[in-house]
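Good morning, and thank you for making time for this presentation. May I ask you to look at the structure on the screen while I go through a few of its residues in turn?

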Protein chains: 2
Amino acid sequence: MVHIGRSRDVEARMYDDGENARRAEKRVLVGPRENAPNFSMRKFTIGKGGCSPYHKHPWEHEVYVLAGRGEVRFAGGRRAVGPDDFAYVPPNDEHQFVNTGDGVLEFLCVVPLEGEDG
Amino acid sequence: MVHIGRSRDVEARMYDDGENARRAEKRVLVGPRENAPNFSMRKFTIGKGGCSPYHKHPWEHEVYVLAGRGEVRFAGGRRAVGPDDFAYVPPNDEHQFVNTGDGVLEFLCVVPLEGEDG
């Protein structure tokens, strides 16, 4: 059955350890709960001054920036991003998403199910 | 290597057979070209009065509406959608995306690689 929802109605999970991840909220829009067979679509909202951890893992990211100003940091570089920009992070590549703007940074991040921790 | 791009810089492929698909443009943001191993992220822009075909196939869709007003039609129903709405279309479920607004309808649609025709 087709499932349709509003992002704002999806419960958020906060990621903030005061160091590696700061002011990051994740909403799983489509994933294991909908019995998605292969990959999970998540929406991240990162508050002013916040970031995701600088890390790597065996699964890829496919990212689309919805709102705000940010920076993608990776081995050997960093790149400013904004709305309409997208990013592909291959498996095992180091990466971090940093909010460099005055408002929230919002992006979608799609991962294979093995990368979805709920 | 992390790959970052702008959607508007990606070449569009038009889908318009005057009947089933009308005024639909697809941009493959991340997919086989980037050696994505599992799934492909595409951005669709559907002009006023346009639509994707009403059809089904063995792979799922995970969709996020970026802009405009539309309707998702499926077996047994239809539902209005707009920005911030998302949709999950399971494998083998009939579905269609219709632009019901006065401007363009834009959405992301992620599919497993088997569903990517380039």
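I begin with a pair of histidines: the side chains of B:His95 and B:His57 make a polar contact at 3.3 Å. A polar contact here is a pair of N or O atoms within 3.5 Å; within protein, one must be able to donate a hydrogen and the other to accept it, and residues adjacent in sequence count only if both atoms are side-chain atoms. The side chain of B:His95 also reaches the backbone oxygen of B:Asp93, at 2.8 Å.

Before going further, a word on the source: this is a predicted model, in which local features need pLDDT of at least 70 and side-chain atom pairs count only at pLDDT 80 or more, while totals for chains, interfaces and linings use all residues. Residues are numbered from 1 along each chain as its sequence is written, chains are lettered from A and ligands numbered from 1 in the order in which they are written, and side-chain values use heavy atoms, with hydrogens and water left out.

To return to B:His95, this residue belongs to strand S9 of chain B, residues 95-99. Strands are DSSP runs of E, at least two residues long, and are numbered from the N terminus. Is B:His95 buried or exposed? B:His95 is buried, at a relative accessible area of 1%. Buried means under 20% relative accessible area, exposed over 50%, and partly exposed in between, with a 1.4 Å probe and protein chains only. Beyond its neighbours within four places in sequence, B:His95 has contacts that include B:Tyr54, B:His61, B:Arg73 and B:Phe74, where contact means heavy atoms within 4.5 Å.

B:Asn92 is not a glycine, yet has a positive phi of about 70°. With a relative accessible area of 49%, B:Asn92 is partly exposed. In chain A, A:Asn92 is found in the loop between strand S8 (85-89) and strand S9 (95-99); its phi is also positive, near 70°, and its relative accessible area of 47% makes it partly exposed.

I turn now to the relation between the chains. Chain B is superposed on chain A by a rotation of 180° with 0.0 Å of shift along its axis, at an RMSD of 0.0 Å. The two copies are therefore related as by a two-fold rotation axis. Both copies use the same surface, since 100% of the contact residues of chain B recur in chain A. The superposition is by least squares on the C-alpha atoms of residues with pLDDT of at least 70 in both copies.

How many residues of each chain take part in the contact? The answer is 43 residues of chain B with 43 residues of chain A. The area buried between the chains is about 4,000 Å², with 63% given by carbon and sulfur atoms; this is the accessible area (1.4 Å probe) that two parts lose on being put together, summed over both. Within the share that chain B buries, B:Ile4, B:Phe86 and B:Tyr88 supply 21%, more than any other three residues.

Next, the nonpolar core: a set of buried Ala, Val, Leu, Ile, Met, Phe, Trp, Tyr and Cys residues joined through side-chain atoms within 4.5 Å. The largest has 24 residues, of which A:Leu29, A:Tyr64, B:Leu29 and B:Tyr64 touch the most other members. B:Tyr64 touches residues of both chains, among them A:Leu29, A:Met41, A:Leu108, B:Phe86 and B:Phe107.

B:Ile46, in strand S4 (residues 39-51) of chain B, is buried, with a relative accessible area of 0%. Its contacts include B:Cys51, B:Phe97, B:Val104 and B:Leu105.

That brings me to the cysteines. What is the closest cysteine sulfur to that of B:Cys51? It is the sulfur of B:Cys109, 15 Å away and so too far for a bond. A disulfide is taken as a pair of cysteine sulfur atoms within 2.5 Å, and the structure holds zero disulfides over all chains. B:Cys51 is buried, at 3% relative accessibility, and B:Cys109 is likewise buried, with a relative accessible area of 3%.

A:Leu105 and A:Ala24 are 81 residues apart along the chain, and their C-alpha atoms are separated by 9.4 Å. Thank you for your attention.

Terms used
Helix = DSSP H or I, 4+ residues; strand = E, 2+ residues; numbered from the N terminus.
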